[in-house]
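Subject: Handing over the two-chain structure

Hi,

Here is the structure I promised to pass on.

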Amino acid sequence: MSSKYSKNILQRFSIVLLALTVLPLLNGCQHDEDIVETVDPLPSSSGHAIISTVASDFSSGATSVVTVDQPRTVVNDISPTISDITVTTDGKNIYRIERFNADNITKFSLENPGVAIWQYSTLDSGEVGSSNPHDFVVASDSKAYILRYGKAKAWVVNPGATTAADFKTGEIDLGAYDGDGVPNMDKGIIVDGKLFISMQALDSSWAPQQAYVAVIDIATDTEIATGKSVINGIPLPVTSPEKMHYSAATGKIYIQGSGRLGFPPFTAAEYNGGIITLDPNTYEINMIVDDGDTSSHPYGNIADLAIVSATKGYFVGYNGWSDNTLYSFNPTTGDVNPTAVANIFAKNIADIEVDALGKLWVASQSDFGVIVVDPVTDISEDQIISTGGLVPDTIVFTQ
Amino acid sequence: MYVTPCYVFILMRFTDIGLLLLGSLLYADIIMAAEAVRAEAVVVTAIAEATPVVTGEVDEELNTGFSQTLTRAQFDTRITSLADTIAQQSGIQVRKSGGFGSFSSATLRGASSQQVLIFIDGLLLNGAAGGGFDLSTISLSDVERVEIYRGSTPASLGSASIGGAINIRTLKGGGEDKGNVTLGYGDFNTQKYSAFYTTKPGRLDYVLSAERFSSDNDFEFTNNNGTRLNPDDDSLEKRNNSDFKQNNILLKFGYDLDKDRRVDLMAQWFEKQQKIPVWNNHPAADTRFDVERLQSQLRLISNNVGSYGFNLSNTLEYLQTVEEYDDRNGSVGLGQQYDQNITTTIKFRSYTELPLDFQELSLIVELGEEKYQPTDLLGRNITIDSKRRSATIGIEDKLFVLNDKLLVNPAISVTRSNDSITLSEGVSRSYVNPRIGLKYFSNNWLTLKNNLGRYTRQPSFYELLGDRGVFIGNSELKSETGINFDIGFDIKLVNAFRNISNLSWQTSLFYSDVKDIIVRTFNSRGIGKSENIDQAEITGIENILQVDLVNKFSINFNATVQNMVNEQNNPTFKNKQLPGRFKWSYSTRIGYRHGKFSPFVEHLYQSGMYYDSPNILKAPNQNFVNVGASWKVDRATITFEINNVTDREVEDFRGFPQPGRAFFSTLKIDV
């Protein structure tokens, strides 16, 4: 091979080589940090539904906002993040809670849900392990409560704080409700100046123990002695309490307990749940719907609850993995209609809630959206509200 | 808003420009030194070097698949890990959860880490229990070669899967007496001490190797306190509870019974004590994950047996892995956990080869039993043992036609397995995996290759059984199957040009159609279950370019572009990229040798990865530059290197940072 020819080849080859090396550099000035979103303003409505959404493989999550009035406007995939999230609202703002091993709460305004107003940790600097925040209950513009499922103490916080130092203002120790010191506080509701906190009290193998409701005076942030137990709170006849709903029509708080879901072949389902009422003044408890026992459990575990009126309510029967059925019942008498509502059965139902217009919203993960049911007719609307690919998980309404 | 990151980006680009300048200098040096061609080889090239082939091992000349081989010289003077060593190769991507010793997994050609098989000397390390194999449990000190088979796995390895295979070959005895002692030290109190010696007094030969590797892994990183949107509570901290220490001993004995028969005994013991940091870096965390593995092989090779001259290799293998996870304080996981998992495998492998004039017929038989025993050391849950028995028969032909220009390599394997699981009925599965490979030797420098095959991954015990309180089992899972196709060429030129002593160029186009991918889905209560719901189509192109210039410079360039389309019917995932893999991956290594001084610079750039299946969480691009140099003085080699020169903070797994800039040095003394 001649020297000239060789040199030409070498030169061309070197150019190719340098071009190949340069190729990665031509990707431009890309930005690796979180991208700030802008979301178009939502139309005015009687209210808005705020829905936390999740990928079915739990690899990510986001938020959707939907107008309650029809025709409904839907904005999906707002503020993408991890999957273990839930949302709450005070009517003007969205509070996104990132739970296990994420331990933070982020506030967004409903007017611009793509931009965080603040984001604060729900762990003290000295705490090890996840606080696993499950609920954020707003009492006023300057007071809210964080129910920390993985810790003994709930936090009293200022949702109007502009710095992390001003965020946490106090704490409420509920560690006495569980032998392991972690009562697994799950949901909270404020009725007549009192905060009712449900506690699941799981043991170290996640088996539910004696569940309680603690009652907090929100003026003093101290626990009220209900006289129902030696540790101030109210022992419940159901295990794993989850949803709590106050009905002005009946003057009662409705609490749903799911018992213990089965994990075959490791553990079988336990039917120690149901729907109970709690009188917010006398703290009297009544069982309204019992989920049954090992031999007879017509609805499976009772996994969710929504109250429309004194005579109409709904619950979700959990019969196995992605085998959920929507039932209606009478919240006053406890009578259950054993027929699936609106043919919603053998589905994966994550949440049921009632909007300001009295309609039932069913977060159907099987349908990748929300089914709206008219409680008067128990017929669902033709159109399913799509949550954009991610499946709906938690629904809250601004009104 | 974007000024600062852009500025940093530009600074980063200066590093690349530095690389380019170095490339230009090399070019200038090439021209200047064009007349000074030396005979001495300077570069360890990675594409398939010829080494003596032992019966039952892969003969690279007869392998129609696309592969790369890393030799010991590429890592034995450095403090590095298997994951870091293979990360820069084409088609392969590595994800790490932290510094040295942390969990590391590999994907090949877009396949999941579970679809990539890892072997040591042909012994399969992937357990039926499941999960991608943790590369951090492989010690490099006793490794002679790392063979990477992309897409198609040689039949002689017995087992095969959808992504391909990585076969780690340990040091061989039988050659001249040799050995070395290596001492290494670096940032984060990283220490590595290793030694090996091999000799052959008469018919007996043996290899002794030992290593201790440890690091505090207390590198600095920005702890965002879990609030990515709130920079006010960020702080620069040292990583807590991330230290590890590992020990590795290899003993190999070989005895030549006669010129055609040889018996080999190998035993390797490995143990690692690994601390697990908490996502928020809490200093009080004390979670740990310990691994102890014992593996042994007894092999008898008999060549030229009978009148037909059969070559036989019969191997009995034993592998036991004990893993212990201790999170009794609930620092990392949900609640308290203290678990022990013991996996025991016994396998017999028989390889029979019949060399004929124009072909070579092979029969591979594997019989194995794997037992998995998980135990809740807190005594809260029942123990469910699992056992998988499997039998595989494979037949392979290597047929030369067209005047030895075309190698036709058809193979078929039939596997039947039976899972026996406490508390449930046993499940049997059978599958047939045919494949064919073609290799056309166009001339002495160009080879064309083409492969088509069907590959399978069986569901793991974890997917079949579930886990306490997190996943429920699904005993009806089917095996994942993939149809792999690739086509490409190899160019190898030795002294073809006056200034280029070696040139290797490998390009391959690949396609994979994967069905019944097992995915964990979660229901409305957050309870997971594995289901056969995913399917994917993966296409891509790989390029490997290696050039040795005027016996002074070595330039290695790897580029992979792959499109991994999720074709699941679920609208959330359909037509999205499979998560956890980069779409674009480039690496460059430039080495220079001037007398006893050998500096090098490496650059790895990867982009286009999503953390999630819906593709709404995009992973940051990765851009690493490493530099270093070695001085060889008599028997001693001193190496000094700086990893991650630009001090980039990188997370392969969200919330698990890797070290920034770090200095390491080693002293190797040949015996």
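Below is what turned up, starting with a few words on conventions.

This is a predicted model, so to speak of a local feature pLDDT has to be at least 70, side-chain atom pairs count only at pLDDT 80 or more, and totals for chains, interfaces and linings use all residues. Residues are numbered from 1 along each chain as its sequence is written, chains are lettered from A and ligands numbered from 1 in the order in which they are written, and side-chain values use heavy atoms, with hydrogens and water left out.

Helices (DSSP runs of H or I, at least four residues) and strands (E, at least two) are numbered from the N terminus. Buried means under 20% relative accessible area, exposed over 50%, and partly exposed in between (1.4 Å probe, protein chains only).

Leaving aside residues up to four places away in sequence, B:Ile166 touches (heavy atoms within 4.5 Å) several residues, including B:Ile86, B:Ile92, B:Leu108 and B:Val146.

β2(B) has five of its five residues buried. On one side these are B:Ile92, B:Val94 and B:Lys96, and on the other B:Gln93 and B:Arg95. Five bridges join β2(B) to β3(B) in an antiparallel pair (pairing takes at least two DSSP bridges), with B:Ile92 partnered by B:Leu108.

**Spots in the loops**

B:Thr55 sits in the loop between α1 (3-32) and β1 (66-71) of chain B and is buried at 10% relative accessibility. Its neighbours by contact include B:Asn303, B:Leu312 and B:Tyr351.

Most residues other than glycine have a negative phi, and most peptide bonds are trans. A:Tyr283 has a positive phi, near 65 degrees; this residue is in the loop between β19 (274-278) and β20 (285-290) of chain A and is buried, at 8% relative accessibility. B:Asn189 has a positive phi too, near 55 degrees, but is partly exposed at 29%. A cis peptide bond, with omega about -5 degrees, joins A:Gln70 and A:Pro71.
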